[in-house]
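Have the model open while you read.

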Amino acid sequence: MLDTVHSSIIQAGKKLGLTDDAINELIKIDKEHLFKINLGNDKAFNAYRVQHSNKLGPYKGGIRFHPEVDLDEVRALATLMSFKAAAVGLPLGGAKGGISADPKDLNKAELEELSRKYARELQPHIGPDKDVPAPDVNTNPEIIDWMVDEYRKLTGDITKASFTGKSVGNGGSLGRDAATGRGGMLAFAQLLKHTGQADKQLTYAIQGFGNVGSFFSVLAAKQQPKWKLVAASDSQAAVYSSTGLNAAVLDSYKRKRGRFSDFKKRGVQVITNNELLALDVDVLVLAALGDALNKSNVVNIKAKYIVELANGPTSEAAFDYLTKKGTVILPDIVANAGGVIVSYLEMLQNKAGEHWPEEKVNNELERYMVKAADALYKTTSEKNVSLKEAAFINAIKNLTK
Ligand code: NAD
């Protein structure tokens with residue numbers, strides 16, 4: 001993924017006529033913090049925080065707990081964060097953190113100890129005006145609340161602006177849980193407006209009906225009645241119905257820990273994840289994991305639009321293949337920016353000692369997303385480049401102002 005991110009930056013930098021030195025400056029990582037966290041009982045994990053750039057504001061980015069977390073992945077995600085914040089006009093920098101642990105192998109006391117030790121080790125390098133971490137894959141408000149408490153104990157900071165993604169009762173923002181899915185839906189709707197497709201009936205399939213994917217579908221069912229959800233997957237299987245699926249029903253099924261492989265309803269078929277990707281739909285929404293579309297499966301893709309809600313879900317080879325074919329790809333750094341936008345709104349609320357109503361948060365989110373999608377479309381049209389190149393060009397313009 002790191003190579004893909006770097007080549008996106010190089011390509012966009014060249015389009016803007018930047019020198020090699022200027023491009024290298026954009027790629028360069030400011031600081032890397034690598035350490036081990038030991039929980040005893042032979043449980044020791046590699047921990048990371050990569051701070052890519054604070055040119056536009058304090059470093060900002062999630063913390064991932066996953067056995068496959070490694071330094072290159074954290075570097076790629078930290079770099080993407082800087083470009084994401086810049087592409088949507090936020091005064092924030094980019095960072096990412098991770099621990100190579102699987103929370104499923106830890107009991108609750110161990111998970112708390114791991115989280116607190118991570119915050120303790122990083123405390124000198126983070127803070128409301130320095131670096132503000134957030135949740136990511138396998139981390140949640142409870143974990144962030146432990147980290148905030150550890151940070152407070154060490155520094156006396158009571159603003160709670162040291163982390164975002166806190167629980168709502170502990171300074172978290174309303175609307176944060178839905179923000180990434182909502183933002184993706186708003187950005188895609190805005191793109192359709194620009195291309196004159198807003199009134200068209202569309203079918204879509206969604207890979208990864210988790211937090212982001214489910215909010216995208218549930219909100220789309222309310223606000224975009226012309227978009228018909230025909231397939232959705234979890235990590236094991238997908239459900240499909242040519243006449244349409246009810247997003248709210250799927251959402252409540254998944255919240256009760258149901259598996260799509262066991263889903264039973266008349267007219268709904270269980271299919272594989274590969275079959276979902278190859279469906280003849282108008283739109284494929286990717287909300288699961290990085291490199292989901294790659295050399296091995298890209299030839300099967302029939303969708304006309306791809307919405308990248310996961311980070312880096314289309315490999316470079318897949319992107320080149322699809323772009324040549326005319327597939328329109330709404331790129332991750334704009335499509336999934338809703339989460340970091342509401343994180344920024346959470347920081348503002350914490351610093352001002354305020355707690356905004358959900359409607360205000362959603363309105364602000366919409367304002368940022370619509371503006372970013374408009375800017376994206378303008379650059380695509382003016383420079384005759386893909387939306388992804390346009391997103392990186394817009395980001396670089398902000399980063400080199
Ligand atoms: P999640 O864990 O809630 O959901 C992920 C979903 O993908 C689950 O339904 C899971 O079963 C499914 N999945 C996992 N492996 C799969 C596979 N091989 N094939 C098909 N489905 C698979 O995570 P989330 O918070 O919804 O995040 C989804 C993606 O969006 C991640 O890549 C994350 O980095 C990215 N993202 C999330 C946010 C956010 O605010 N949560 C913000 C920006 C980007």
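1. Start with the lining of the largest cavity: by class, it has 4 nonpolar, 4 polar and 4 charged residues. (Ala, Val, Leu, Ile, Met, Phe, Trp, Tyr, Cys and Pro count as nonpolar, Asp, Glu, Lys and Arg as charged, and the others, Gly among them, as polar.) This is a predicted model, where local features need pLDDT of at least 70 and side-chain atom pairs count only at pLDDT 80 or more, while totals for chains, interfaces and linings use all residues. Residues are numbered from 1 along each chain as its sequence is written, and side-chain values use heavy atoms, with hydrogens and water left out.

2. How many cavities of 30 Å³ or more does a search of the whole structure find? The search turns up 1. The volume of the largest cavity is about 110 Å³. On a 1 Å grid over the protein atoms alone, a cavity is a set of points where a 1.4 Å probe fits but cannot get out, and a pocket is an open set with protein on both sides within 12 Å along at least five of seven lines; lining residues have an atom within 4 Å of a point. Grid points are joined across faces, edges and corners, and a volume is the space filled by probe spheres set on the points.

3. Which residues line the largest cavity? Among them are Met1, Thr4, Val5, Ser8, Asp291, Glu308 and Phe392. The largest share, 3 residues, comes from H1, and H1 and H14 each supply at least two. (Helices are DSSP runs of H or I, at least four residues, and strands are runs of E, at least two, numbered from the N terminus.)

4. Next, look at H1 itself. Helix H1 (residues 2-15) packs with helix H3 (residues 71-87) at an angle of about 30°, their axes 8 Å apart. (Axes are lines fitted to C-alpha atoms, for helices over the stretch in contact, and angles run from 0 to 180 degrees between N-to-C directions.) H1 and H3 are therefore roughly parallel to each other; angles under 35 degrees count as roughly parallel, over 145 as roughly antiparallel, 65 to 115 as roughly perpendicular and the rest as oblique.

5. On the H1 side, Leu2, Val5 and Ile9 meet residues of H3 including Arg75, Leu80 and Phe83 (contact means heavy atoms within 4.5 Å). That contact has 6 nonpolar, 1 polar and 2 charged residues.

6. H1 has another partner: its axis and that of helix H2 (residues 20-27) come within 10 Å and cross at roughly 145°. Here His6, Ile9, Ile10, Gly13 and Lys14 of H1 touch Asp20, Ile23, Leu26 and Ile27 of H2. By class, that makes 5 nonpolar, 2 polar and 2 charged residues.

7. Compare a pair elsewhere. Helix H6 (residues 176-194) and helix H12 (residues 338-352) pack at about 140°, with axes 7 Å apart, and they are therefore oblique to each other. Arg176, Ala179, Thr180 and Gly183 in H6 meet Gly338, Gly339, Val342 and Ser343 in H12. The contact divides into 2 nonpolar, 5 polar and 1 charged.

8. Finally, find the second largest pocket, with a volume of about 280 Å³. Of its 14 lining residues, Ala87, Lys371, Ala375, Asn394 and Asn398 lie nearest its centre. H3, helix H13 (358-383) and helix H14 (387-399) are the elements giving two or more residues to that lining, and the largest share, 7 residues, comes from H13.
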